Amino acid sequence: DLGSELNSVIFMGMGEPLANIDNVEGAIARLVDTKYAGFGARRITVSTIGLPGRIPRVALWPWQIGLAISLHAPEDSLRRRLVPASHALPLHELMRDAISYQALTGRRVTYEYVLLGNVNDSLDEARSLGRLLQGQLCHVNLIPYNPVNGLDYRGTNTRDIARFQDALESCGIAVTIRRPRGCDIDAACGQLSARHNSFRDECS
């Protein structure tokens, strides 16, 4: 019984899950099937940047899984810079699909937002994000940036993270701040791949 061994299953980090939607759907079907893994659907999350026509398909799935959307910016030009593949689905279309998902399933959407110092973490961007999401059945997961050698991005300080959170909550949006783990050994989100690539370059 897999359900007794794992707390959650998240489809992310191995490429865009909804670019492989048929196989992801099949995998979830087996995870929840009592003849296979017997895993609770509510402990399964699919994380996506959003692709045309894919979130509406997820909304029709029969399981009460979670949906997380990697947002990272409140407007298209910045989001396309941070998430180049997001050009396929402009924000107004992504919001349309997310709101439709909420209405059809009755389940909230989690929006993932990595805070990058002096890039997407200003109060103006917090207020823009609040306006974009206001009234939705949603939750924002603010993710402090994990520093990576060789990249120019830096994290947001604790005070500015709190201000960002306050601005969102003033719009009636539920917010949590993810606690980073593994930074001290370069094993946090985003760091392992960079460490691997650096090691591979040194050995080539």
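Reader: In which loop is H72 found?

Author: H72 is found in the loop between strand 3 and helix 3 (76–82). Helices (H or I, at least four residues) and strands (E, at least two) are DSSP runs, numbered from the N terminus. This is a predicted model, in which local features need pLDDT of at least 70 and side-chain atom pairs count only at pLDDT 80 or more, while totals for chains, interfaces and linings use all residues. Residues are numbered from 1 along each chain as its sequence is written, and side-chain values use heavy atoms, with hydrogens and water left out.

Reader: What is the phi of H72, and is H72 buried or exposed?

Author: Buried means under 20% relative accessible area, exposed over 50%, and partly exposed in between (1.4 Å probe, protein chains only). H72 counts as buried because its relative accessibility is 13%. Its phi is positive, about 70°, although H72 is not a glycine. N118 also has a positive phi, near 60°, and is a residue other than glycine. N118 lies in the loop between strand 4 (109–115) and helix 5, and it counts as exposed because its relative accessibility is 66%.

Reader: Which residues are in contact with S70, leaving aside its neighbours within four places in sequence?

Author: Contact means heavy atoms within 4.5 Å. On that basis S70 is in contact with S47, T48, I49, R79 and E112. S70 lies in strand 3 (residues 66–70) and, at 14% relative accessibility, counts as buried.

Reader: How is the packing of helix 5 and helix 6 described?

Author: Two packed helices are described by the angle between their axes and the distance between the axes. Axes are lines fitted to C-alpha atoms, for helices over the stretch in contact, and angles run from 0 to 180 degrees between N-to-C directions. Here the axes of helix 5 (residues 123–133) and helix 6 (residues 158–169) come within 8 Å and cross at roughly 30°. Helix 5 is therefore roughly parallel to helix 6; angles under 35 degrees count as roughly parallel.

Reader: Which residues make this contact?

Author: Helix 5 contributes L123, E125, A126, L129 and G130, and helix 6 contributes R163, F164, A167 and L168.

Reader: How does the chain read as a whole along the sequence?

Author: The chain follows the pattern β-α-β-α-β-α-α-β-α-β-α-β-α, with seven helices and six strands. Of its 204 residues, 44% count as buried.

Terms used
Angles under 35 degrees count as roughly parallel, over 145 as roughly antiparallel, 65 to 115 as roughly perpendicular and the rest as oblique.
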